[in-house]
Amino acid sequence: MNDSANAALKTERQDYYDRIAPLHLHPLWESLHALVPREPTPPCVPAIWRYREIRPHLMRAAELITAEEAVRRVLILENPGLPGQSAITQSMYAGLQLIMPGEVAPSHRHVQSALRFIVDGRGAYTTVGGERTTMYPGDFIITPSWDWHDHGNQGLEGVSEPVVWLDGLDIPLLRFFDAGFAENDERHAQQVERPEGNSYARFGYNMAPVRHTHTSRTSPIFNYPYSRSREALHTLQRQEAMDVWQGYKLRYTNPVTGGYPMPTIATFLQLLPAGFRGKTQRSTDGGIYCVVEGSGTAHIGELSFAFGPQDIFVAPSWARLRLDARDDVVLFSYSDRPVQDAMGVLREVFLED
């Protein structure tokens, strides 16, 4: 076909597209390559948020608005590739929440599943379904879908200080399904109905009450203390060979089912020994990482980010990820892996570089 004929055909096709557009029709052949790509092409990009840069802005927010006014005083970690979407990946939300001494973030509930990973400070608590737990740095805490929850900061052992934690939620997923509901409690804070540690006593020791009636898809444990999780990693470091891609990596589990602690969010804790030089991995669930201890470098795609304690970084879906550790590094991470597992679309590869 000569150039003249090609030009005429192109004009004829465009005329056809213009005529079907008012009928809200679009030709698949013009979009197929984007709708069904050869491999993931996420719009989100690798990025890092350095805590030392963010903390002053959190403190300034405390001067401008109370926790009660804000309901939740949070600075959203918005992926540079997803401006205006309040998302760190296509499916996950992340934010840093601050509660000052004496404050209470009022009780509410929502269908979005939420995690809290404590980044800085001691003396705050969260109450979930009538049970209160004190929060320490490195603790992983769950707010199940549609459970009442409130937070407060009453100090601890004479210490009164600001407390900051990482909020991780499946907000973008629920937004995609148009399935989001929320409700404010008539109470400012819940009545504590069970002693602290009750849920862990019932389910946290590889046992469960004989007559237990826990039917939620979320773990019945809502606080996974860092002291116990860190001890597990330390023991593995002494006793087992290291994985050359991930160091020593454990996933948090639901003790009743052995599955993920939340139906839409997987959570992990890993130790990279000092001097670790990891090999490259790729996974369709990507991941949001919070540095608990140590410093190193995350190589994500074509970019490299030096990280230190309390920093947060994101690896998009299918991005090449390689981790190096200058000293012993502990990383907490979360992703949408349970959803991809349930759909049968999760794919990951471990490269030999």
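Visitor: What makes the residues listed for Leu77 its contacts?
Guide: Contact means heavy atoms within 4.5 Å. Leaving out residues up to four places away in sequence, Leu77 touches Trp49, Ile54, Ala87, Ile88, Ala94, Gly95, Leu96, Leu166 and Ile312. This is a predicted model, where local features need pLDDT of at least 70 and side-chain atom pairs count only at pLDDT 80 or more, while totals for chains, interfaces and linings use all residues. Residues are numbered from 1 along each chain as its sequence is written, and side-chain values use heavy atoms, with hydrogens and water left out.

Visitor: What makes a set of residues a nonpolar core, and which members touch the most others in the largest one?
Guide: The term covers buried Ala, Val, Leu, Ile, Met, Phe, Trp, Tyr and Cys residues joined through side-chain atoms within 4.5 Å. The largest such core has 54 residues, and Leu77, Ile88, Leu96, Phe140, Leu166, Phe332 and Tyr334 touch the most other members. Apart from it lies another core of 17 residues, including Phe276, Ala298, Ile300 and Leu321. In soluble globular proteins, nonpolar side chains tend to be buried together.

Visitor: Why is Gln97 called buried?
Guide: Buried means under 20% relative accessible area, exposed means over 50%, and partly exposed is in between (1.4 Å probe, protein chains only). Gln97 has a relative accessible area of 1%, so Gln97 is buried. Gln97 belongs to strand 3 (residues 93–99); strands (E, at least two residues) and helices (H or I, at least four) are DSSP runs, numbered from the N terminus.

Visitor: How do you know that Gln97 makes a polar contact with Asp167?
Guide: A polar contact is a pair of N or O atoms within 3.5 Å; within protein, one must be able to donate a hydrogen and the other to accept it, and residues adjacent in sequence count only if both atoms are side-chain atoms. The side chains of Gln97 and Asp167 make such a contact at 2.6 Å. Beyond its neighbours within four places in sequence, Gln97 is also in contact with residues including Arg72, Arg116, His151 and Trp165.

Visitor: Is Thr134 buried or exposed?
Guide: Its relative accessible area is 16%, so Thr134 is buried. Thr134 sits in strand 7 (residues 131–134), and among its contacts beyond four places in sequence are Tyr125, Leu156 and Asn223.

Visitor: Why does Leu35 count as exposed?
Guide: Because its relative accessibility is 60%, Leu35 counts as exposed. Leu35 lies in helix 2 (residues 32–35). Together with Leu28, Leu32 and Val36, Leu35 forms a nonpolar surface patch with about 400 Å² of accessible area.

Visitor: What makes the phi of Asn206 worth a remark?
Guide: Most residues other than glycine have a negative phi. Asn206 is not a glycine, yet has a positive phi of about 60°. Asn206 is in the loop between helix 6 (198–203) and strand 12 (223–224), and counts as exposed at 82% relative accessibility.

Visitor: And what about Trp318: buried or exposed?
Guide: With a relative accessible area of 11%, Trp318 is buried. Trp318 also has a positive phi, of about 65°, and is placed in the loop between strand 19 (312–315) and strand 20 (321–325).

Visitor: How many helices and strands does the protein have?
Guide: The protein has 8 helices and 22 strands. Of its 353 residues, 49% count as buried.

Methods: Patches are made of residues with over 30% relative accessible area and no salt bridge: like charges are joined within 9 Å, nonpolar side chains (Val, Leu, Ile, Met, Phe, Trp, Tyr) within 5 Å. Accessible areas come from the Shrake-Rupley method with a 1.4 Å probe; for residues, only the protein chains shown count as cover. A salt bridge is a side-chain nitrogen of Lys or Arg within 4 Å of a carboxyl oxygen of Asp or Glu.
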